[in-house]
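Subject: Structure for you to look at

Hi,

Here is the structure I promised to pass on. Please open it first, then read my notes below.

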Amino acid sequence: MDPAAAVVRWGSAGLRDRVLPGLSDGSLLAGFCLTEPEAGSDAASVRSQATARTGSWLLDGAKVWVTGGRWADVLLVIAATAEGPLALLVEAGGDGVRREPVEDSLAMPGAGLADIAFDRVEVPADAVVGRPGMGLSHVAGVALANGRLTVAAGCAGLARTCRDHAVAHARSRRQDSRPIGDHQLVRRLLARAGVASNSADLVYRWAAAGLDERADDAGHRAILAKYTAARAADEAADCATQVLGSAAFRAGHPVTALVADARVMRIIEGTDEICESVIGETLLRSRGDSGR
Ligand SMILES: Cc1cc2nc3c(=O)[nH]c(=O)nc-3n(C[C@H](O)[C@H](O)[C@H](O)COP(=O)(O)OP(=O)(O)OC[C@H]3O[C@@H](n4cnc5c(N)ncnc54)[C@H](O)[C@@H]3O)c2cc1C
């Protein structure tokens with residue numbers, strides 16, 4: 001997710017002036033708070049509630065699995081209102097915001113994951129991003145499109161790293177007095193890792209070009225890239241594990257840590273199944289020119 005992109009597109013002039021310089025130079029960090037204990041893929045069912053007051057909103061609710069939530073200075077929170085979903089940019093250090101680090105995640109242990117509770121948090125009206133009713137379709141839509149691109153790019157690096165470890169091991173590990181890379185079946189694993197790595201690399205660049213060029217199908221490209229690259233990273237990690245054999249199961253081996261990270265990419269920013277539903281629906285609605 002990319003909360004900054006949502007502020008660029010939908011934030012008020014005052015909000016943009018206040019946070020974009022810091023978000024651009026890295027002195028401010030942002031987290032994205034959509035998922036709740038009972039609202040995952042079904043984002044429309046969020047229970048966090050924003051209530052209108054004079055000149056402000058009162059926010060109550062609980063969010064889980066916030067990437068960077070431990071360190072974030074501001075949080076883009078999606079909450080329900082009487083007029084539909086609302087996006088608010090909330091000060092993470094403000095009164096009523098409580099962060100609980102997620103210590104037991106099997107994936108992305110270095111991502112500063114946190115569960116975050118909001119208890120009667122007063123949010124000024126100019127911290128609203130977009131308008132009530134636009135929180136999911138427009139604001140989260142932009143944050144997720146950019147976020148899916150960054151996930152796809154990360155997957156490309158992940159797949160490449162797994163491929164490189166597999167190739168290095170296939171060269172150096174000897175069985176039957178010869179490198180295991182001499183075996184056709186090991187070469188097939190290398191080929192699968194190599195194809196996965198290259199396809200992830202190509203698809204994220206194609207999606208990035210779509211966003212750069214403000215192409216009509218930029219959102220479609222981003223979700224297609226995230227889906228393809230996540231599956232490619234998972235495939236490359238699986239092939240690398242197979243080539244490494246028992247070596248992959250020594251704690252501390254670089255590929256060991258990447259296996260769970262690769263797998264979780266098929267769940268975050270839209271699970272495989274949600275991506276498939278959206279891609280399929282887009283294709284059905286198109287006149288045959290989608291996914292160019
Ligand atoms: C490491 C990590 C980091 C994360 N970072 C963030 C973050 O920064 N911000 C944030 O808001 N969230 C974050 N999340 C949460 C993540 O976005 C959700 O886990 C994801 O959206 C899936 O929700 P869920 O886990 O509740 O699974 P569920 O929605 O309960 O899905 C479980 C299974 O049911 C399937 N399913 C559900 N609905 C449908 C459907 N309509 N059609 C077909 N299949 C369906 C799913 O595909 C999946 O296979 C993170 C999660 C993890 C693990």
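I began with the shell around the ligand. By class, this shell has 11 nonpolar, five polar and one charged residues. Keep in mind that the model is predicted.

Which residues come nearest to the ligand? Of the 17 around it, they are Thr35, Ser41, Trp65, Thr271 and Glu273.

Next, look at the side chains with an N or O atom by the ligand. Ser41 has one 2.6 Å from a ligand oxygen. For Thr271, the distance to an oxygen atom of the ligand is 2.7 Å. Thr67 faces a nitrogen atom of the ligand instead, at 2.8 Å.

How much of the ligand does the protein bury? Taken alone, the ligand exposes 980 Å², and the protein buries 63% of that. Two elements give two or more residues each to the shell: β3 (56-66) and α7 (272-285).

Now step back to the domains. The assignment gives domain 1 (3-129) and domain 2 (136-285). Their centres, taken over C-alpha atoms, are 28 Å apart.

Why does the ligand lie between the two domains? Domain 1 and domain 2 both give residues to the shell around the ligand, so the ligand lies between them.

The domains also touch each other. In this contact, 19 residues of domain 1 meet 15 residues of domain 2. The size of an interface is often given as the accessible area lost when the parts come together. Between domain 1 and domain 2, the buried area is about 1,200 Å². Carbon and sulfur atoms give 83% of that area.

Best wishes

Technical notes: Residues numbered from 1 in each chain as written. Predicted model: local features only at pLDDT ≥ 70, side-chain atom pairs only at ≥ 80, totals over all residues. Heavy atoms only, no water. Near = heavy atom within 4 Å. Polar contact = N/O pair within 3.5 Å; in protein donor to acceptor, adjacent residues only side chain to side chain. Areas by Shrake-Rupley, 256 points an atom, 1.4 Å probe, with all protein chains shown as cover. Helix = DSSP H or I, 4+ residues; strand = E, 2+ residues; numbered from the N terminus. Nonpolar A, V, L, I, M, F, W, Y, C, P; charged D, E, K, R; others polar. Domains from an automatic or database assignment. Contact = heavy atoms within 4.5 Å. Buried area = accessible area lost by both parts, 1.4 Å probe.
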